[in-house]
Amino acid sequence: MIYLTNMYEKIVDIVSEENVMSKEPLKNHTYTRLGGVADYLVTPTTYEQVQKVVKLANKENIKFTLLGNGSNLIVKDGGIRGIVMNLNKLTTILTDDKKIVAQSGARIIDVSREALKQTLTGLEFACGIPGSVGGALYMNAGAYGGEIKDVLESTIVVDQDGELLSLKAEDLDLSYRTSNIPDNGYIVLEATFALQEGNYEEIKAVMDDLTFKRESKQPLEYPSCGSVFKRPPGYFAGKLIQDSGLQGTQIGGAQVSLKHAGFIVNKNEATAQEYIDLIKHVQKTVKDKFDVSLEREVRIIGEDLQNS
Ligand SMILES: Cc1cc2nc3c(=O)[nH]c(=O)nc-3n(C[C@H](O)[C@H](O)[C@H](O)COP(=O)(O)OP(=O)(O)OC[C@H]3O[C@@H](n4cnc5c(N)ncnc54)[C@H](O)[C@@H]3O)c2cc1C
């Protein structure tokens, strides 16, 4: 307990009291509305604070976990020990000619809206992706034929030692829903997107169309983490799940969406365990029926609930 109290004070020394929460329920910070508590949820307001927190975690040998907007994550019911950081207080978006520089905690939706405002084309695909800039780079987010890789020029990251690095897009090995960010343990601080001069009405028409498609096809009325599985080569995950008769299948409060089979929704106060059990059930059923392995797109982090 003394150890934990000391750690709280050390974190407060870096980010000040209003930017650290103890025993914070992570269901308040994830789109699925699932997850136990974080020992400390830290929300730095400068790049230097991010560096210092990483260095503190290294020095004290304390576990460090990064969250974005929590839209591609399932946090287990036992929560996350140590320091959990999100960059939701670093949200500046600036335009310079045909480039947009966005801090990592900005929502990629807002970057896409800024592009529209500046009549810049290239980020229309991102207008409905509810992640942060950092989370979007991490998994090379994409939709409707576009992806981050098409528009990212460069990025500033903090490495595992807490040092700042300036990288080109090519340095991140972006490909379908992956990058080398997890392997390198980079924390994205900001990204520069290179766009093209466009036409306001045309950009808006594309964004309106994509928004309409999303709203009519996706179960946005329930908490979820978007598409649970990656697209298996030669197939569509949603179609395989649908053809396996799994739509509507429910474990506890988690349900395979009736509107879009690729989504699992938190219909009624699901636990993370119920959600995870349902993911495994879907994987097994599709494998048995079609001999196709569904790889998860969504990340599962944290600890199981300890039975006391
Ligand atoms: C309704 C809905 C629709 C969706 N539609 C799409 C879609 O069309 N296309 C698509 O690609 N995705 C989609 N998603 C999934 C999700 O929005 C994206 O994967 C998004 O990029 C995740 O960003 P995030 O900030 O929420 O990351 P989180 O879910 O918080 O984190 C995901 C991973 O990114 C890492 N990360 C977060 N921030 C940083 C950072 N600053 N530096 C380094 N690593 C970081 C985290 O450590 C974690 O490992 C959808 C989700 C929902 C709920």
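**Exercise 1. Placing a residue**

In which helix is the place of Leu278? Work from the predicted model. Then decide whether Leu278 is buried or exposed.

*Solution.* 
Step 1. Find Leu278 in the structure. Its place is in helix 8.
Step 2. Apply the cut-off: buried means under 20% relative accessible area. Leu278 has 0% relative accessibility, so it counts as buried.
Step 3. Look across to Ile251. Leu278 and Ile251 are 27 residues apart in sequence. In space, their C-alpha atoms are 6.0 Å apart.

**Exercise 2. Checking the length of helix 8**

Compare the span that helix 8 should have with the distance between its end C-alpha atoms. Then list its buried residues, and inspect the residue just after the helix.

*Solution.* 
Step 1. Helix 8 covers residues 272-290, which is 19 residues.
Step 2. At 1.5 Å a residue, helix 8 should span 27 Å. The expected span uses one less than the number of residues.
Step 3. The end C-alpha atoms of helix 8 are 27 Å apart, so the two values agree.
Step 4. Now the buried residues. They are Ala272, Tyr275, Ile276, Leu278, Ile279, Val282, Thr285 and Val286.

**Exercise 3. The ligand and its shell**

Which residues come nearest to the ligand, and which elements each supply at least two residues of its shell?

*Solution.* 
Step 1. There are 36 residues around the ligand. Of these, Ser71, Asn72, Ser132, Gly142 and Arg299 come nearest.
Step 2. A backbone N or O atom of Asn72 is 2.7 Å from a ligand oxygen atom. In the side chain of Ser104, an N or O atom lies 2.8 Å from a nitrogen atom of the ligand. A polar backbone atom of Gly142 is 2.6 Å from a ligand nitrogen atom.
Step 3. Consider the cover. On its own, the ligand has 960 Å² of accessible area, and the protein covers 94% of it.
Step 4. Name the elements. Strand 3 (64-67), helix 4 (133-138), strand 9 (142-143), strand 13 (187-194) and strand 15 (224-227) each supply at least two shell residues. Helix 4 gives the largest share, 4 residues.
Step 5. Sort the shell by class. It has 19 nonpolar, 14 polar and 3 charged residues.

**Exercise 4. Positive phi values**

Where do Lys23 and Asn61 lie, and what phi does Lys23 and Asn61 have?

*Solution.* 
Step 1. Start with the background. Most residues other than glycine have a negative phi.
Step 2. Lys23 lies in strand 1 (residues 20-25). Its phi is positive, near 50°.
Step 3. Asn61 lies in the loop between helix 2 and strand 3. Its phi is also positive, near 55°.
Step 4. Judge the accessibility of Asn61. The cut-off for exposed is over 50%. Asn61 has a relative accessible area of 71%, so it is exposed.

**Exercise 5. Sequence and space**

Decide whether Val50, Val158 and Tyr31 are buried, exposed or partly exposed. Then give one C-alpha distance from Val50, from Val158 and from Tyr31.

*Solution.* 
Step 1. Val50 is in helix 2 (residues 47-60). Its relative accessibility is 0%, so it counts as buried. Val50 and Thr178 are 128 residues apart along the chain, with 24 Å between their C-alpha atoms.
Step 2. Val158 belongs to strand 11 (residues 152-158). Its relative accessible area is 0%, so it is buried. Val158 and Val256 are 98 residues apart in sequence, and 38 Å separates their C-alpha atoms.
Step 3. Tyr31 is in the loop between strand 1 and strand 2 (37-42). At 32% relative accessibility, Tyr31 counts as partly exposed. Tyr31 and Val84 are 53 residues apart along the chain, and their C-alpha atoms are 16 Å apart.

Conventions:
Residues are numbered from 1 along each chain as its sequence is written. This is a predicted model: local features need pLDDT of at least 70, side-chain atom pairs count only at pLDDT 80 or more; totals for chains, interfaces and linings use all residues. Side-chain values use heavy atoms; hydrogens and water are left out. A residue is near a molecule or strand if one of its heavy atoms lies within 4 Å of it. A polar contact is a pair of N or O atoms within 3.5 Å; within protein, one must be able to donate a hydrogen and the other to accept it, and residues adjacent in sequence count only if both atoms are side-chain atoms. Accessible areas come from the Shrake-Rupley method with a 1.4 Å probe; for residues, only the protein chains shown count as cover. Ala, Val, Leu, Ile, Met, Phe, Trp, Tyr, Cys and Pro count as nonpolar, Asp, Glu, Lys and Arg as charged, and the others, Gly among them, as polar. Buried means under 20% relative accessible area, exposed over 50%, partly exposed in between (1.4 Å probe, protein chains only).
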